[in-house]
Amino acid sequence: MEQNGLNSPEYEIPPELKAQVAITSLDKIYNWGRSASVWPLMFGLACCAIEMICAAASRYDIARFGMEIMRPSPRQSDLMIVSGTVTKKMIPVIVRLYNQMPEPKYVLSMGACASGGGPFKEGYNVVSGVDKFIPVDVYVPGCPPTPQALLNGLMKVQEKIRGEPIKTARWYKKGPDLAEIPVPMLGPDLIDPRKITLIQNGDKN
Amino acid sequence: MNTPAHVQSLDLSARFPGAIHPDTRPGYSGWLVENANLLEYAIALRDEFGYDYLSSITAVDYLPEGKMEVVYHVYKTTGGAGLVFKVQVPRVDPIEVPSLVSIYPGAELQEREAWDLFGIKFTGHPDLRRIFMWEGFAGHPMRKDWHEPYFEEEGKPFKSRWPEGQLVMAESKNLYADNIAYPHGFNPASQTFDSEKALYDSLQIYQKEEIGLDTDHIIVNMGPQHPSTHGVFRVAVVLDGEQIVNLKPVMGYLHRNHEKIGERNTFIMNMPYTDRLDYLASMSNNFGYALAIEKLMNVKPTERSEYIRIIMAEMTRISNHLFLIGTLLNDLGAYFTPMLYALEERELILDIFEAVAGSRMMCNYFRFGGVARDFPEGVLQKIKDLFFERFPRKIEEIDRFLSENEIIRSRGIGQGVLTAEDAIKYSAAGPFLRASGIPYDVRRAEPYSIYDRFEFDVVVRSNGDIYDRLMVRFDEIRQSIRIIQQAVKGLPDGPVMALKPMYQVRVPPGEAYGRVEGPKGELGFYVISNGKPNPWRYHVRAPSFINLTSFGPICIGQKVADLVGVLGSIDIVLGEVDR
């Protein structure tokens, strides 16, 4: 436990109890528990999903991080790994999945396509980055990122989780963060409901 | 130059006087058929001359000439060279061409693709809906006069990037700071959007059984977020209890505009994009594209690079089939354990790819006239160790664990049967076709590269069910190991590139269709060059996409639980289905 920095040194523990007692703060123990059991959403989009599967399989073994339980249902998962090109046809589904995930939830954008469109950015059916619609916590570069890179990204997610104090945690507060993200519509092109006035005035400007 | 004599051999112009002309444009081959005689001609080809296998349908937009062309490639399942014929129609809406679905049912999805992307109406098509884009999308994006929201120039390299490199973000040039564009005067607040209506309407069309209890049928959507659809594939099924009475595959969730981007790219720029088609088999995709362009350029790869290509392509096949064995077993209920065994072996192949090409999955290794670089030191020994020692043993081990398993046998044998006639009819390809008893393998039927020098068997099984499809994969791995062993033994010394390294290649005008036997089936690249640095048309005949044509027919009548197994045994990769 001492290696994890959980045991706070400022309290004196009698030497005969050192083996039995640990003194820590609620934040630390709470976040330690959360960060060691992040359940990703089993959700593959494109090429990067194959590397995600490799990261979960024999050689790279994501289970070492407490993440081997990939849940196909968004209701049971904490982390969405957006692994691949996000298309306009797919983004309403992704937003809906994100809305269905319970707080606290995290998004890891895996690879160039999910982070910014990547090599397919100019395509007419490609969304230039999933962060145009949902908030992203960690970006992993690469095309596709190797499983090592993904594991490094997952460790960054854990780092972020460990640094969040409960007092200010956004999922215990009311506020704009908790509002659902409006689901985009498929019209003559992708319509983001947040941009409707911009689209209405688009031609006039 | 690009017109092999045999392609021109079947001359039916005497039989259809005035309706059929040889395609005499420089670099082109095949026949131009009049729109009115297309059906007659196709029936004659299929019934009298044995061209029973429709490999590819695609459209080409000849904007300067004011013409739209539909290109058909047909083959004989007994082997040999194919026949190309084309229909030209004026480029004025509505563009109408008779549908070939009644003659070659394998045309169904491909004609829908041509309708979606080019706006060619196939009259007589049973279910002509958009396939990649949603209903209601404005325009037909592959037309040459349709420009995407981030449009800069017709062809790369863009002046904004090269040589000065005055790069601005694409978003900053767009009105909405995003990859979107709307028709003039569009007001989203005044209307509602329903892109799904056409799908549900078409799902209602099926043969209702009159016998027995009258029960309500329910529609179940599986995907695009489903663990066993192998990506973002969606199936809409109509169920009568547990039984499937109608099924429509819905795709386009990964349609990332491969072809449109490919036509903006220069020829060599497309090589890394082909990696991302079937991302489990990037070396095979490189192979097909390199073959097509080499045909156009009339370049012959060096002897050593030919052998390296064969070794790489066969290693890709093994790694792909290993992945399939893992995922199919997942689908059949053996959650993740067989996958761990299969991926353990696949990683060893990926190690070799990484050593040779620098990347595990996206190899980008082939070049026109050879391969990018020679084997680094020690790799050949690694390949020898793997394929003379470890793999033959490991494949038998995996086979022993799996193929006698009671659950696999009862979930596989007799399930999802595709008969031999149907397999040809629906243009199935690859292991999927061979499991139905058709010994058709492009490596033997029309040998490319140096496959005619190797000894191997065309694997075939006769029942066409899930179990046989799994077994075909095992047998193919064994044959691939045989080929690699021969290729490693015969690997000559010498250069690996026939041409000098070039920033851009010069490709003479003309058309070429390069096809290889990829791990999923016949992978074809249809490329048209007009002498400019960018291809005028770049089309991919994607085996997993066309294999899905028969997915509906084989599932109807099955239980809904077997749907997953059937889909797994077809072996699709969404990057290739949607492109």
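A residue is termed buried when its relative accessible area is under 20%, exposed when over 50%, and partly exposed in between. In the predicted model examined here, B:Glu446 has a relative accessible area of 27% and is therefore partly exposed. The partner of B:Glu446 in a salt bridge is B:Arg515, with the closest N and O atoms 3.0 Å apart. B:Glu446 is placed in the loop between helix H13 (442-445) and helix H14 (466-490) of chain B, and B:Arg515 in strand E13 (residues 510-518), so the pair ties together parts that are 69 residues apart in sequence. B:Arg515 has 5% relative accessibility and counts as buried.

Over all chains, the structure holds 62 salt bridges. Side chains of opposite charge can pair when their charged atoms come close. A:Arg59 forms a salt bridge with B:Glu347, the closest N and O atoms lying 3.5 Å apart. This pair crosses between chains, from the loop between helix H2 (47-56) and strand E1 (79-83) of chain A to helix H8 (residues 337-357) of chain B. A:Arg59 is partly exposed at 37% relative accessibility, whereas B:Glu347 is buried at 3%. A salt bridge also links A:Arg59 to B:Asp351 (2.7 Å, N to O); because B:Asp351 lies in helix H8 of chain B, this pair too joins two chains.

Within chain B, a network of salt bridges links several residues, among them B:Glu314, B:Arg317, B:Arg434 and B:Asp441.

A:Leu26 belongs to helix H1 (residues 26-35) of chain A and is exposed, with a relative accessible area of 61%.

How values were computed: Residues are numbered from 1 along each chain as its sequence is written. Chains are lettered from A and ligands numbered from 1 in the order in which they are written. This is a predicted model: local features need pLDDT of at least 70, side-chain atom pairs count only at pLDDT 80 or more; totals for chains, interfaces and linings use all residues. Side-chain values use heavy atoms; hydrogens and water are left out. Helices (H or I, at least four residues) and strands (E, at least two) are DSSP runs, numbered from the N terminus. Buried means under 20% relative accessible area, exposed over 50%, partly exposed in between (1.4 Å probe, protein chains only). A salt bridge is a side-chain nitrogen of Lys or Arg within 4 Å of a carboxyl oxygen of Asp or Glu.
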